Amino acid sequence: MKDPLKDPHPRVRPFRFAVFALAALVVLSLGFALIPAEKPAPAEPPFTERARAAALTAAMDLRASGMELASAGAADSTLLDPVVTLLTIQARALRGPAPETAPAMPAASVRPSSTAGPAGVAGLVQALAGSGTARLKDAETADGGMARLLAGAGTAQLLAAGRLAAATGVPAPEGTAAATVEKTSGPATASPCPSPSPAASEEGGGPGTAAGVRQALAAAITAEQEAAYGYQAALPRLGPAEAGPASEFLARHRELAAAAEERLRLACGTAVPQQPGYVLDPGFLAAPPAGLGRLEAATLASYGDLVALSQGQDRMWALSALQAAAGRALRWGADPGPVPGLALDVGQLPALPAGTGLPADTSTAPSSPGS
């Protein structure tokens, strides 16, 4: 008689377990497949893009604060309107060439007090100076063309803070006084220069190339030599109040030319010959201060190019020289432009989105010569 508890097919049991295990595995795999995977976190934008976005946000915030102060009567509109216009142009430049792809305008963050009186203006002055310093710091490491834009925007904001402080009697933040920027960077570091060859002489001068840096340094040397020549011609025709600063600026231009020559030598470039003289603008000797302002403004382009093309110590040196040149141009009554070192066709810049301000949104002021 058979035992009813005994499995009549003992060999089938492992097979059944295998079938059940396989079925469970299939069910689990289908379940995992139906569960959507978590989307990976978006990659952080490159530093240059983050610097541009931060500069745009700051320009829009400062612009809104300036308009609030003007509407509240905190200062004469003739003092605040140029600041608002400057920030409008910079914001448009920072939006880039394609308005439809630009980020939405951020809401204003911390703004100076909008109450009438020196406290509100002082807050705007401090905010302008802080933004200018931040833009120049970002320009030290941003990519080429954006570095030049940030450097020019920061320089103009610092100058605007200094002008507004002087006009309204509020304390001027450090580094905002025109023509007093005297930052120093580390000494130029020598690098071995290979023997000259035909291939090296035909090297292109595009962005990021050693030849591009050499060309920008050579242009800076020429601009400094011409500026020194102009100061020498102007000094005998200047009054005592103007002769003192002019003598200091002449010495500064000679120092800058020598420093640029040393950097060009270390970059394996060919020395720029000293010209016996330069053709000055018509009317230069009749109005030397205005002529000196034009000469100073003419040096800005070469330093803007050097900021865009160089890196490291050369860029730091160019940033310092750009700020000082813009300050000297302003000292003689010349306009260094909304972005010193970069020639802007304001009419070609994208407009700001509707609802972000006053008619300054559509400003079409011409670009400043030599900026």
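Colleague: Where do the values come from?

Modeller: The model is predicted, so local features need pLDDT of at least 70 and side-chain atom pairs count only at pLDDT 80 or more, while totals for chains, interfaces and linings use all residues. Residues are numbered from 1 along each chain as its sequence is written, and side-chain values use heavy atoms, with hydrogens and water left out.

Colleague: Happy with that. How many helices and strands does the protein have?

Modeller: Helices (H or I, at least four residues) and strands (E, at least two) are DSSP runs, numbered from the N terminus. Here there are 11 helices and 0 strands, and the pattern along the sequence reads α-α-α-α-α-α-α-α-α-α-α.

Colleague: What share of the residues is buried?

Modeller: Buried means under 20% relative accessible area, exposed means over 50%, and partly exposed lies in between (1.4 Å probe, protein chains only). In this protein, 42% of the 371 residues are buried. Contacts, meaning heavy atoms within 4.5 Å, can be read by sequence separation too. Among contacts between residues at least 6 apart in sequence, 78% join residues at least 24 apart.

Colleague: Now the helix pairs, please. How do I read the packing of H7 and H10?

Modeller: Two packed helices are described by the angle between their axes and the distance between the axes. Axes are lines fitted to C-alpha atoms, for helices over the stretch in contact, and angles run from 0 to 180 degrees between N-to-C directions. Helix H7 (residues 210-234) packs on helix H10 (residues 300-309) at about 160°, and the axes are 9 Å apart. Angles under 35 degrees count as roughly parallel, over 145 as roughly antiparallel, 65 to 115 as roughly perpendicular and the rest as oblique. H7 and H10 are therefore roughly antiparallel.

Colleague: Which residues make that contact?

Modeller: H7 brings Gly212, Val213, Ala216, Leu217, Ala219, Ala220, Ala223 and Glu224, and H10 brings Ser302, Tyr303, Asp305, Leu306 and Leu309. For classes, Ala, Val, Leu, Ile, Met, Phe, Trp, Tyr, Cys and Pro count as nonpolar, Asp, Glu, Lys and Arg as charged, and the others, Gly among them, as polar. The contact of H7 with H10 has 9 nonpolar, 2 polar and 2 charged residues.

Colleague: What about H5 and H11, and which hand does their crossing have?

Modeller: A crossing is left-handed if the near helix is turned anticlockwise from the far one by less than a right angle, and right-handed if clockwise. Helix H5 (residues 144-168) packs on H11 at about 40°, with axes 10 Å apart. That makes H5 oblique to H11. Their crossing is right-handed, whereas H7 passes H10 in a left-handed one. Residues of H5 including Ala147, Ala151 and Leu158 meet residues of H11, among them Leu319, Leu322 and Ala326. By class, this contact has 8 nonpolar, 5 polar and 2 charged residues.

Colleague: On to charges. How many salt bridges are there?

Modeller: A salt bridge is a side-chain nitrogen of Lys or Arg within 4 Å of a carboxyl oxygen of Asp or Glu. By this rule there are 10 salt bridges. One of them joins Arg263 and Asp314, with the closest N and O atoms 2.8 Å apart. Arg263 lies in helix H8 (residues 240-266) and Asp314 in helix H11 (residues 312-331), so the pair ties together parts 51 residues apart in sequence. Arg263 is buried at 7% relative accessibility, and Asp314 is buried at 19%.

Colleague: Which residue does Arg328 pair with?

Modeller: Arg328 forms a salt bridge with Glu296, and their closest N and O atoms are 3.1 Å apart. Arg328 lies in H11 and Glu296 in helix H9 (residues 288-298), so this pair ties together parts 32 residues apart in sequence. Both residues are buried.

Colleague: And Lys137, buried or exposed?

Modeller: Lys137 is exposed, with a relative accessible area of 52%. Its salt-bridge partner is Glu140, at 3.4 Å from N to O, and Glu140 is partly exposed at 26%.

Colleague: Back to H9: what do its buried residues pack against?

Modeller: They pack against H7, H8, H10 and H11, and among them are Pro288, Leu292, Leu295 and Glu296. Thr299 sits in the loop between H9 and H10 and is buried, at 1% relative accessible area. Beyond its neighbours within four places in sequence, Thr299 is in contact with Ala223, Ala227 and Ala325.
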